[in-house]
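Student: Could you pick one part of this structure and walk me through it slowly? I'd like to see how you'd read it.

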Amino acid sequence: MSRNPSSSQTKNTVYIAVFAAMIAAMGLLPPITLGIIPVPITLQTLGVMLAGALLGPWRGAMSSLVVVVLAIAGLPLLSGGRGGLGVLLGPTGGYLLGWVFGSLVIGALFKYWVLRRTGNTARFLAGLASVVIGGIGVIYLCGVPWTSVVTGLDLGTSLLGSAAFLPGDLFKAVVTTLVALTVHRSYRGLMS
Amino acid sequence: MIAAANTSYLARIRPGWKFGALLILSIALYLISSWSVLLALFIISIAILLSARVDLRQLRLPLISMAIILSVVFVLLGIQTDWLNALRAVLRLLTMCLLAYAVSLTTKFEDMLELFQQVASPLRLVGGNPAQIALALSMTIRFIPELKKVYVEVREAQHARGLGNNPLAVTVPLVIRSLKIAEETAEALDARGYDSAPSPRQH
């Protein structure tokens, strides 16, 4: 498919757009409720994690960035129909920016580490570690200090507040890893 | 959060100016520590929002979620530090968000995107391609309804199998169909010779 650079560039753009639309679609539908976790789970951050794990660092980060840019420009794409400049400036704006870096890190770890592992268990563990580092670690690393700067709460309280979302996020990390490894098995060369 | 035919004085100001003003004000708000000045600014921001004749119904949901977060912040800060400090933080955030919504609700979506593209245009110098950025943004908007439809279909199909709440059973088909849509679209664009690269294409 990529006989010349311009065609592969357009192909990359299409993948970025389709995955950005998928992240948006995941935020538009009512969340899934599970028995084990009290808070309903929106699949939107699942989409952010998947974009990195499936498309690799650059295209994954671009997909997240497109969603963030469209939401800030005013489309009600974020879960609960939120959008507009107020979302960025509010207490949770850091998590939104964290999406971009989160999918970047997940993508890089998947491309250069996870997909080079052999053996199912090793791959799963490496994948889970990558998604936890990028999808939870990096996103919280952007979100928690942001909340603390914007509201004046200290870092500990801000971190404690985000802990309510940790069970849901860990669950999403497991789902992302399983989905990404399943899809990579049938779509080889998705990142090349 | 889109300006629905707003014709107020704020809608006539160029988006770049509104953005710049919002940015400067947001920083300034953190430098002000007097609660009475902050209260005055808060009242001014309400006045701006009302005088811009924005559609207040659009603000109901964001304001409710804002109120929930801010009441938690207020109580926590009040307990940890003092209540005057909590009041300052909440006033700052409210003022900033009301002004941000005033900008959002008086700026057309197309104008906002155009501004973002202007801001992103220096990326050309480091190898970015503005045409591809514009293509990605507009293509995403076009794909959202389609992907939403696919998502609803997948969830309904899995619901019929009793798997509606199983994230794996929902996500795998959604991702596979997204990849198919991307492949087909890329092939269709290729077949029509769509070329956004600046250099001439050789065959």
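Tutor: Let's go to the contact between chains A and B: chain B brings 60 residues to it and chain A brings 57. Two residues count as being in contact if their C-beta atoms, placed from the backbone, lie within 7 Å. Keep in mind that this is a predicted model, where local features need pLDDT of at least 70, side-chain atom pairs count only at pLDDT 80 or more, and totals for chains, interfaces and linings use all residues. Residues are numbered from 1 along each chain as its sequence is written, while chains are lettered from A and ligands numbered from 1 in the order in which they are written.

On the chain B side, the helices that each supply at least two residues are H2 (15-31), H4 (60-80), H5 (83-105), H6 (109-120), H7 (130-160) and H8 (167-191). Helices here are DSSP runs (H or I, at least four residues), as are strands (E, at least two), and both are numbered from the N terminus. H8(B) gives the most, with 15 residues. Sorted by class, that side of chain B has 44 nonpolar, twelve polar and four charged residues. Nonpolar covers Ala, Val, Leu, Ile, Met, Phe, Trp, Tyr, Cys and Pro, charged covers Asp, Glu, Lys and Arg, and the others, Gly among them, are polar.

Now the partner, chain A. It has eight helices and zero strands. Its radius of gyration is 17 Å, close to the 16 Å that the globule rule gives for 192 residues, so chain A is as compact as a globular protein of that length. That radius is taken over C-alpha atoms, and the rule is 2.2 Å times the number of residues to the power 0.38. Of the contacts in chain A with a separation of 6 or more, 70% join residues 24 or more positions apart. Buried residues make up 58% of the 192 residues in the chain; buried means 20 or more other C-beta atoms within 10 Å of a residue's own, exposed means 12 or fewer, and partly exposed is in between.

(The expected span is 1.5 Å times one less than the number of residues.) Twelve of the twelve are buried, so H2(A) is largely enclosed by the rest of the structure. Among them are A:Gln44, A:Met49 and A:Leu55. After the helix comes A:Gly56, with a positive phi near 90 degrees.
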